[in-house]
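Visitor: I have a structure to go through. Can you take me around it, starting wherever you like?

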Amino acid sequence: MEQEPQKKFPADAAVPKPPAKPDDLKDSTNAANEPEQVIRPEDEALVVERLRELGYIE
Amino acid sequence: MQAKPNIILISADSLRANHLGCYGYSLPTSPNIDKFAGEGALFEKVFAPGIPTQPSHTTIFTGQHPVTHGVVAHGGKAKLARGTPFLSEILLEEGYTTCAVDTLFRERIWFGRGWEYIIDPSLHHLFYASVTQEELNDRAIHWMKTVPKAPFFMFIHYWDVHYPYVPPDRMRGMFYKGGNPTDPDNHALDAWWDHPVGAMARDTWLRTPNGLITDPNYVTALYDREIRYLDEGIAALSDALDKQGLAENTMVVLLADHGESMTDHGIYYDHYGLHDCTVQVPTIIRWPAGNLKAGTRFAPFRQLFDIAPTLLEAAGSELPEDLDGKSFLPQLTGKEEPSGYDQVIGCESTWQSKYYLRTDRYKFILARYPDLLGNPDRELFDLQADPGEDHNIAAEEPQVVAEMEKELEAWIAAKMEAAGRTEDPVRKEGPVAVEIWEQHRG
């Protein structure tokens, strides 16, 4: 069956306001306990190698 | 004012719709995207006819379903036929100056079609998806300032939300409600290591000086921080348009090629599986000169193949006859009532080879080959009772399964015939990456 526009809906709902929380929603205690993420060049090279094996990269 | 609008098409790779505030997310990941939506139109139910990146972007640029254009897999054998209409090529012929700030042409050659300019700052990285919104915006904004003539069509493809999730260090502490991200006794992610992409994550971006990240809530927080970082980039781009006086007659389309599964359905931080978390995509359009009613939300089903005809109509271009998509421009500009599809159909053929047929009530998923997650070949979900698609009710509703399967097969057969195909492209391609998955498990 061909897909054709059929249903009709009103387009009257307003976009909700962004959440009223502050922009910098950071928990300083959590931040101090979080590990540092470091992508080393050899990590990035490994990602490329693995994705090449998958055919994602030619 | 020029008659034809400038067009900026933004694809945020792997951006899951319901992780944005304007799509109902509870965390403040997207204040600027929400503001952008409030200035334009938001489409609540847009679906990708093909996933992941290569099939979906092929659909976005051709206005065709993957069964029509034939590119059903990421990294598959199928090539896009040279005669297939391509959005950037058509706009170039219409007098647009075209520019892609993108990497896709490095993956598949047809993504290079129709661009007078291709800018690729990802060349500074070993892995192209490590390119940041700041690097892309730096080039895109400079190009807009020096664009030789209007109108222009620019495509910007942001990779921040795609794995690896490595947000800026300054975002530490956001969106994570405590716990120990590297608890060695937390084994909630162990099943992920069974997948090649999971093993790659374990061996690279999840490794930290404190140990391996093991808490899925922390990985989700990293994903949400990437959205927040992308959100800053959308604001910077929008500000640049304002400052250059381009905002009024520039149609900006923000969408995603697919969403992301965050452990949903046994799929960890990846984009396969035909559940709504992955096939439903955000789509937001702002175009002040187009008389869009600010804050409009469109509820009907649409599909990503509708984007190309909509943009072509906005550009005043004649639509090619062989598009599957339908322009929704008249609805966008208030000349027609909102309308859409009763049902949507899509497919994938990368980690698994399947089709989905989705109505407002049900999602039916049909496998062409058994998947490695052990799911049955036929799955049915009642989306009203089970919006998370957690309970397969195929055995309880055999009549619904039979009807939807018949409908789906008839649609595939008709689409193949229209495209001149004699073989189902999903069956033909098969799950192209599954052999590596099996070897990895082996």
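Guide: This is a predicted model. To begin with one strand pair in chain B, B:Cys99 stands opposite B:Tyr117 in β5(B).

Visitor: How many bridges join β4(B) to β5, and which way do the strands run?

Guide: Three bridges link β4(B) with β5 (residues 117-119) of chain B, and the two run parallel.

Visitor: And what about β4(B) and β6?

Guide: Those two strands also run parallel, with five bridges between β4(B) and β6 (residues 152-158) of chain B. There, B:Thr97 is placed opposite B:Phe152 in β6(B).

Visitor: Is β4 of chain B enclosed or open?

Guide: Strand β4 (residues 97-101) of chain B is largely enclosed by the rest of the structure, because four of its five residues are buried.

Visitor: What does B:Ile156 touch, sequence neighbours within four places aside?

Guide: B:Ile156 is in contact with B:Ile8, B:Ile10, B:Val101, B:Leu136 and B:Ala140, once neighbours within four places in sequence are left out.

Visitor: Which residues of the largest nonpolar core touch the most other members?

Guide: B:Ile156 is one of them, together with B:Ile10, B:Met154, B:Val253 and B:Leu254; the core has 126 residues. Helix α7(B) supplies the largest share of this core, 10 residues.

Visitor: Why does this core lie between the two domains of chain B?

Guide: Both domain 1 (6-179 + 215-340) and domain 2 (345-441) of chain B give residues to this core, so it lies between them.

Visitor: Back to α7 for a moment. Where does B:Glu232 lie?

Guide: B:Glu232 is in helix α7 (residues 216-243) of chain B. It counts as partly exposed because it has 18 C-beta neighbours inside 10 Å, and a residue needs 20 or more to be buried. Its C-alpha atom is 7.0 Å from that of B:Asn32, 200 residues apart along the chain.

Visitor: How many residues of domain 1 of chain B are in contact with domain 2 of chain B?

Guide: On the domain 1 side there are 24, in contact with 23 residues of domain 2 of chain B. The elements that give two or more residues to the domain 1 side are β3 (50-51), α3 (66-69) and α8 (276-279) of chain B. Of these, α3(B) gives the most, with three residues. By type, the residues on that side are 13 nonpolar, nine polar and two charged.

Visitor: What is the strand order in the five-stranded open sheet?

Guide: The order is β3-β15-β16-β17-β18 (chain B), with mixed pairing. At the edges stand β3 and β18 (378-382) of chain B, each with a single partner strand, so one side of each is left without a neighbour in the sheet.

Visitor: Which helix packs on that sheet?

Guide: Helix α11 (residues 398-419) of chain B does, touching β15 (343-349), β16, β17 and β18 of chain B. Its direction makes about 65 degrees with that of β17(B). Strand β17 (residues 362-367) of chain B runs antiparallel to β16 (residues 353-359) of chain B, and five bridges join them. B:Arg358 stands opposite B:Lys363 in β17(B).

Visitor: New topic, chain A. How many helices and strands are there?

Guide: Chain A has two helices and one strand, in the pattern β-α-α along the sequence. Of its 58 residues, 12% count as buried.

Visitor: What covers the buried residues of α6(B)?

Guide: The cover includes α2 (41-53) of chain A, together with β11 (268-270) and α13 (434-441) of chain B. The buried residues in helix α6 (residues 196-203) of chain B include B:Pro196, B:Val197, B:Gly198, B:Met200 and B:Ala201.

Note on methods
Residues are numbered from 1 along each chain as its sequence is written. Chains are lettered from A and ligands numbered from 1 in the order in which they are written. This is a predicted model: local features need pLDDT of at least 70, side-chain atom pairs count only at pLDDT 80 or more; totals for chains, interfaces and linings use all residues. A nonpolar core is a set of buried Ala, Val, Leu, Ile, Met, Phe, Trp, Tyr and Cys residues joined through C-beta atoms within 7 Å. Domain bounds come from an automatic or database domain assignment. Two residues are in contact if their C-beta atoms, placed from the backbone, lie within 7 Å. Ala, Val, Leu, Ile, Met, Phe, Trp, Tyr, Cys and Pro count as nonpolar, Asp, Glu, Lys and Arg as charged, and the others, Gly among them, as polar. Two strands pair if DSSP finds at least two bridges between them. Axes are lines fitted to C-alpha atoms, for helices over the stretch in contact, and angles run from 0 to 180 degrees between N-to-C directions.
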